[in-house]
Every structure is written in C-alpha cells, then in structure tokens.
Amino acid sequence: MIPPQFSVIITCHNQAIFIQDAVKSALAQNYKACEVIVVDDASSDGSVDILKAFGNSLRLVSAPKNIGANAARNLGVSVASGDYLVFLDGDDLLSPWALSTYRMAISATQAPVLLTRLFFFEGAQPPETRETPKEITFVEYENLIQKERTHRASASATVVNRTTFQQVGGWTEGLFHLDDLDIMMKLGVAGHCVQILSPATACYRVHPGNTVSHVSPFVPAMLALIKKEKAGEYPGGSRFRFERYAFLGGPIFFWIKKCLRARLYASAISLVMKGWVMALAAALRRFFGKLTSRVPTQTLRMSDLD
C-alpha cells in the first residue's frame, strides 16, 4: 500500500494566543507526507499576521466573513489534496507522532475513519508530548456506529478519508455545538473504523473559552440531532436504527445529567421527552454489552514504521 498523504486542516477565529502553538505542532510531525492548511475565519485579533509569518510552510485560506467552524473546515477541505483529512481546532495541538500513528493504523487496516484519543492539558505544552511511544493500541470496528468503547468526541480527534468525507456531505454548516457527534453519525456506516486507544495523538487545551463548559447552548443542538435521526437524515436505514439510537442515547443521558446539575430543569425535561427511547437503547446496549466479549484490541510497534 502506498503510504497515505495527509491534509492537516486547522481552523482559527480570534485565537491569536493559541494558533501559533497549533500550527507549530502540525509542522513538527515526525511523518512529513502532509500539507498544513489553516482557515482563518475572519479573525480580528491579529491571528492573520501570526499565520502569515509562517510563509510557505502552510497554506492560509481567509474567509471573507465569519462563517463558523464547520463551514471553515469544509472550506479547508475544498483546497485539500491529501488522502486523509486531519482536523485540528486552533486552540489544540497534535502530538509529534500523530501522523505516524495514523499512517500505521491506516496501512494495517485501510480503514476510512479513525477516532483518536485526546490528552487534556492546561497552560503550556504538556511534557507527555515529548517522549515517543513504543507501540499503538487500537480496535477495529466494521462500522463506526458499532463502536463499543468510550470516546471523547472532538474535531481534533477525527481523521477521515477525503473521498469518504465528501460522500457523507462533510461537516454540517450552521450546526456548531455537537458538530463532532453529528459528523460521527454521518460517518456511522461509511466503512471500517479504527479507534486508537493509545497513544494520545491530539492535545485538548482546557481554558475558560471552551464551549463545553457551558450547558445551555448544547440543549438545542442535542435536540437538533434527535430530530435529524427521527427524520431519517442519518445513513444506515432500519438495519442500523438501534445502533444509531444507542449511539445518540449516551450523549442524551449525559446532557440530561448536566442540565439537572445546572438546574436547567425545563431543558432536562425536553431532552427526556424527545430522547428517552434513545437513552433506553443506550442503556440496553450497555447492559447486553457486558454479557458479551468486546472486539479485541490490536497492537502495532512504532519500530515497525519504515
């Protein structure tokens, strides 16, 4: 198999204090068969000047107006030439071995979809990103929708074959919160999926601006995903309906609990009314999953990389 080429697509909107670190992490990859594309989404804080200083080491695409993260990602894809797309938010980092890890997993499985593991950090770049791991542990599923292990969804933890990405319609523009869950649903039956359990390949920066720290904006987004599923907008048909329900049910239950803790009782009731069947499917899947064996893990040694 010809080694894959990667397009690392970084999106930025007023992230001047973070974007330089994100770009440097993409340029510092051990595996060099990649292009780095940065889409600036109409920043007004000096981000563009920082990006221009990188010169020809990256391709800078500037949106004429603020179009939102998903449209910015799709804009980056429109100029990408790599076989696989690696998405990175402007406040996150790639581990130096990220692309090497993806290359090995793809070469071993030819999977069109990879779910990767995040490392959470605050402040300066974590020291855990400086020591190259000796092996890769992963699980391969027939389809993403059949995933049975916990995964922290994030754009920065999503790698997908460019053709496959285009076939499912890309990121849903106009949807911001839970857009990572939405793209996973769209990729649910797009072919084999590899979930990388170790090492962590993307570093999620924890800071006050993280959207996940705010509960209320996620409720309408979760309701929108429930509506899309009930309207039959996600692929897989009746054959995979239970799997889709269970896949959405876990996040529904999570946000119900978050609403209750935040005393957003009306929002919690709305999620229960609209999504109780999906939450039940998730509970049933988890129960019966404990009675059966999991898909076995696989291991590759980094030393096997040419």
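Two strands count as paired here if DSSP finds at least two bridges between them, and the strands themselves are DSSP runs of E with at least two residues, while helices are runs of H or I with at least four, both numbered from the N terminus. What you're looking at is a predicted model, in which local features need pLDDT of at least 70 and side-chain atom pairs count only at pLDDT 80 or more, whereas totals for chains, interfaces and linings use all residues. Residues are numbered from 1 along each chain as its sequence is written, and side-chain values use heavy atoms, leaving out hydrogens and water.

Let's start with an open sheet. Its 3 strands come in the order β5-β11-β7, and the pairing is mixed. β5 (93–94) and β7 (118–121) each have a single partner strand and stand at the edges, so one side of each has no neighbour in the sheet. Strand β11 (residues 202–205) runs parallel to β7, with 4 bridges joining the two. To find your way in, look for Phe120, whose bridge partner in β11 is Tyr204.

Now for the charged side chains. A salt bridge here is a side-chain nitrogen of Lys or Arg within 4 Å of a carboxyl oxygen of Asp or Glu, and the count comes to 6 salt bridges. Arg73 makes one with Asp89, with the closest N and O atoms 3.0 Å apart. Arg73 sits in helix α3 (residues 69–78) and Asp89 in strand β4 (residues 84–89), so this pair ties together parts that are 16 residues apart in sequence.

Arg73 also meets Asp179 in a salt bridge, at 2.8 Å from N to O. Because Asp179 belongs to helix α6 (residues 179–186) and Arg73 to helix α3, this pair links parts that are 106 residues apart in sequence. How covered are these residues? Buried means under 20% relative accessible area, exposed over 50%, and partly exposed in between (1.4 Å probe, protein chains only). Arg73 is buried at 4%, Asp89 is buried at 17%, and Asp179 is buried too.

Glu148 and Arg149 form another salt bridge, 3.5 Å from N to O. Glu148 is partly exposed at 32% relative accessibility, whereas Arg149 is buried at 12%. Back at Arg73, shared partners join Arg73, Asp89 and Asp179 into one network of salt bridges.

Last stop: Lys290. This residue lies in the loop between α9 (265–289) and β12 (298–301), and Lys290 is exposed, with a relative accessible area of 66%.
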